[in-house]
Amino acid sequence: MQYLGLIIVIAAWFVIVGIIYLLRLLGVRVPVKVYYGVFIMLKDEELVKEVIAPLGNLLRRIPSWLIIVLTVGLFSISMFIIVPIPLIIMSINGWGLPSMLYLMFKNMVLMIVAMMHRLSPIETVEKGFTPLAPLIPGVTVSLYTFIYIIVAIGIGILLHELAHGAVSSRYGIRIKSGGAFALLFLAFGGFVEIDEDELRSRSTLIRLAVYSSGVFMNIVLAYLAVALVELALISPQLTQGLLGTTIVYTANSTDAVLKGGYIITAVNNHPIASIYTLISILSSVSSNNVTLTIFNPVNGAVFNEVLSTRNLTMELLGYSALYISPWGVVVESRSFYNLMFWIYTLNLTLALLNTFPAYPLDGGQFLDALLANVIKNQAFRSKVMIVISVVLWSLIGLTLYYTLITGLYRLI
């Protein structure tokens with residue numbers, strides 16, 4: 001059933017909502033508000049006293065100019081040029097992704113070219129189109145993958161908002177409250193309620209530092225995920241314990257050594273972290289044979305096996321599984337890598353999206369603070385920002401529409 005995963009997630013949501021309503025009927029104080037059964041918000045003023053204020057005190061030990069240079073500088077580069085994050089976790093030899101602003105304008109041009117020259121969706125992607133698709137369990141991602149997404153996006157949003165609050169507190173800006181919200185487990189968010197009047201009374205650079213701090217934290221988290229994967233690759237023992245690809249299914253395999261539960265940790269003595277490094281290595285071999293290093297987690301045995309690469313084909317089955325023919329096996333990335341991959345991917349996405357200069361994103365607030373030095377009339381400046389925001393969100397909407405109607409979301 002195609003939408004079984006989505007149905008399970010929505011059912012789980014209403015079970016949780018039902019439990020919240022039941023607890024209230026029993027007189028138990030539940031610190032969340034439920035709106036129409038589909039929207040949950042947690043708002044907590046104690047969060048400011050117990051977490052954000054102490055973090056702000058710690059940041060006071062760092063020179064103000066250094067905080068501004070790091071946060072505003074990184075945000076500016078990410079907004080207009082490139083998000084400077086290594087792509088090695090996906091086995092891509094590159095450094096950073098172009099800014100969201102660049103990607104969306106490029107997508108618009110390519111969609112026009114595709115219509116004029118009747119290009120196929122794949123041809124459009126080959127020319128540089130960047131597909132976008134919502135992460136919907138059972139539709140665009142599996143339920144198994146969605147579990148990792150919930151954990152990773154929770155970490156990313158929580159620390160993003162804590163960074164906003166901590167930097168605000170460091171500069172003595174009052175924070176009213178903080179919290180998080182969710183819509184049917186399909187959309188998540190967090191917020192730190194900052195006193196807007198106090199924020200507007202600060203200098204432009206301080207305001208920019210506050211708006212930039214969340215993205216700075218997301219980029220730090222993405223780097224941390226990359227570092228943990230690279231550290232695990234240094235030690236064969238850690239690679240065996242955390243990385244590699246697990247054989248989850250065998251079909252018509254001509255080699256008895258390829259058994260379910262065994263873990264492929266290296267190819268031709270090159271350590272592999274995931275299905276992405278496996279694809280990269282197998283695609284680049286020049287001989288007709290490869291040597292696999294295989295780990296048996298039951299007895300701890302490690303052995304090498306030589307396999308033929310003749311007529312070798314690979315098919316990606318979603319984010320975490322790969323079918324390899326004629327070996328007749330399905331392998332998937334292991335739990336540690338899957339979690340690191342999604343912490344990396346979603347924090348990179350949060351950085352890309354929040355540097356987009358449109359309301360109500362951090363990028364929109366950042367651009368408004370810059371324009372305040374040029375357009376003094378706040379009412380007129382707000383109208384300019386609304387026009388800019390409508391145009392830019394339209395570009396994202398067009399990209400989503402093209403991705404969905406052409407089926408390109410299957411490639412993501």
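Reader: Which residues lie nearest the centre of the second largest pocket, and how many residues line this pocket?

Author: Rolling a probe the size of a water molecule over the atoms shows where empty space is left. On a 1 Å grid over the protein atoms alone, a pocket is an open set of points where a 1.4 Å probe fits, with protein on both sides within 12 Å along at least five of seven lines; lining residues have an atom within 4 Å of a point. Here 27 residues line the second largest pocket, and L42, G179, A180, F181 and G189 lie nearest its centre. This is a predicted model, in which local features need pLDDT of at least 70 and side-chain atom pairs count only at pLDDT 80 or more, while totals for chains, interfaces and linings use all residues. Residues are numbered from 1 along each chain as its sequence is written, and side-chain values use heavy atoms, with hydrogens and water left out.

Reader: Which element gives the most to the lining of the second largest pocket?

Author: Helices (H or I, at least four residues) and strands (E, at least two) are DSSP runs, numbered from the N terminus. Helix α6 gives the most, with seven residues. Elements that each supply at least two lining residues include α1 (4-25), β2 (39-44) and β5 (175-183).

Reader: How many salt bridges does the structure hold?

Author: A salt bridge is a side-chain nitrogen of Lys or Arg within 4 Å of a carboxyl oxygen of Asp or Glu. The structure holds three. In one of them, R174 pairs with D195, with the closest N and O atoms 3.0 Å apart. Because R174 lies in the loop between α6 and β5 and D195 in the loop between β6 and α7 (196-200), the pair ties together parts that are 21 residues apart in sequence.

Reader: Is D195 buried or exposed?

Author: Buried means under 20% relative accessible area, exposed over 50%, and partly exposed in between (1.4 Å probe, protein chains only). D195 is buried at 10% relative accessibility, whereas R174 is partly exposed at 44%.

Reader: What separates D197 and R200 in helix α7?

Author: About one helical turn separates D197 and R200, because they are three residues apart in that helix. Their side chains form a salt bridge at 2.8 Å, N to O. D197 is exposed at 55% relative accessibility, and R200 is partly exposed at 43%.

Reader: Where does the salt bridge of D368 lead?

Author: D368 pairs with R381, the closest N and O atoms being 3.1 Å apart. The pair links distant parts of the chain, with D368 in helix α12 (residues 362-371) and R381 in helix α13 (residues 378-405). D368 is buried at 10% relative accessibility, and R381 is buried at 8%.
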